[in-house]
Amino acid sequence: YMGRNFTDFLAGAGYFLLDTTREAVLRHDDETAQQEREAGISILTAALYESKTKDAEIVRLLQKYYGLRENEAQEQIRIERTINYPCRELESYLMSTEGLSQQEAQDYIINHGTVDLLRQERGLWKLSPKELLKRIE
C-alpha cells in the first residue's frame with residue numbers, strides 16, 4: 001500500500017519547492033548539495049504524509065535520515081500539510097477536470113499566487129481543490 005502511494009507520488013510529483021533559488025543557475029557544489037538535501041527532505045515528507053504516516057513517525061524519520069531537530073521536522077510537516085500537499089492536489093484537479101497539462105497547471109498555481117495565499121490565510125489548506133480554486137480565481 002505504501003509502496004504504491006510512494007510510486008504514485010514520485011510519478012505524479014509536480015511538487016512545489018518554496019525556494020525559488022532552485023530555478024537559478026547553480027555555481028557551487030555545496031549549494032547544489034544543500035538544495036538536493038532540501039529536495040530530499042521535501043520528497044520524504046510528502047511521501048510519508050501522503051501515505052498517512054503519523055506526524056511523530058515522520059519526525060522520527062526526518063531526524064534519523066536528515067538529522068533535523070524536532071522543531072525543524074515539525075515545520076517541514078506544517079509546510080507539507082498547509083502548502084505543498086494542497087498545491088499538488090490542486091494541480092491534479094486542474095489536470096483532470098480543467099484539461100490542463102502539468103506545466104499549465106503549475107503555471108496557473110504559481111501565477112495566481114497560490115503559495116502566498118495558503119501561507120497568509122491559515123485555514124485554506126483544509127479546502128477541497130475545487131473550493132480552493134474558487135478562492136484563488
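## Reading helix packing in a predicted model

Mentor: Helix 3 passes helix 4 in a right-handed crossing. Keep in mind that this is a predicted model.

Trainee: How is a packed pair of helices described?

Mentor: Two packed helices are described by an angle and a distance, both taken between their axes. Here, helix 3 (residues 55-66) and helix 4 have axes that come within 9 Å and cross at roughly 120 degrees. Angles of 65 to 115 degrees count as roughly perpendicular, and over 145 as roughly antiparallel. Helix 3 is therefore oblique to helix 4.

Trainee: Which residues in helix 3 and helix 4 meet?

Mentor: From helix 3 come Asp55, Ile58, Val59, Leu62 and Gln63. Helix 4 brings Glu70, Ala73, Gln74, Gln76, Ile77 and Arg81 to meet them.

Trainee: Why do residues three or four places apart in an α-helix point the same way?

Mentor: An α-helix has 3.6 residues a turn, so such residues point the same way. Now try helix 7, residues 129-136. Its buried residues are Leu132, Leu133 and Ile136. Viewed down the axis of helix 7, the buried residues fall within an arc of 105 degrees, so they line one face of the helix.

Trainee: What covers the buried residues of helix 7?

Mentor: The cover includes helix 4 (70-97), helix 5 (102-111) and helix 6 (114-120).

Trainee: How many aromatic pairs does the structure hold?

Mentor: One. To classify a pair, look at the angle between the ring planes: over 60 degrees counts as edge-to-face. The rings of Tyr49 and Tyr85 have centres 5.3 Å apart and planes at 70 degrees, so this pair is edge-to-face. The pair links distant parts of the chain. Tyr49 sits in helix 2 (residues 29-50) and Tyr85 in helix 4, 36 residues apart.

Trainee: Is Tyr49 buried or exposed?

Mentor: Buried means under 20% relative accessible area. Tyr49 has 18%, so Tyr49 is buried.

Trainee: Now the whole chain. How many helices and strands does the secondary structure come to?

Mentor: Seven helices and zero strands. Read from the N terminus, the elements run α-α-α-α-α-α-α.

Trainee: What percentage of the residues of the chain count as buried?

Mentor: The chain has 137 residues, and 35% of them count as buried.

How values were computed:
Residues are numbered from 1 along each chain as its sequence is written. This is a predicted model: local features need pLDDT of at least 70, side-chain atom pairs count only at pLDDT 80 or more; totals for chains, interfaces and linings use all residues. Side-chain values use heavy atoms; hydrogens and water are left out. Buried means under 20% relative accessible area, exposed over 50%, partly exposed in between (1.4 Å probe, protein chains only). Helices (H or I, at least four residues) and strands (E, at least two) are DSSP runs, numbered from the N terminus. The arc is that of the directions from the helix axis to the C-beta atoms. Contact means heavy atoms within 4.5 Å. Rings of Phe, Tyr and Trp (its six-membered ring) pair if their centres lie within 6.5 Å; planes under 30 degrees apart count as stacked, over 60 as edge-to-face and the rest as tilted. Axes are lines fitted to C-alpha atoms, for helices over the stretch in contact, and angles run from 0 to 180 degrees between N-to-C directions. Angles under 35 degrees count as roughly parallel, over 145 as roughly antiparallel, 65 to 115 as roughly perpendicular and the rest as oblique. A crossing is left-handed if the near helix is turned anticlockwise from the far one by less than a right angle, and right-handed if clockwise.
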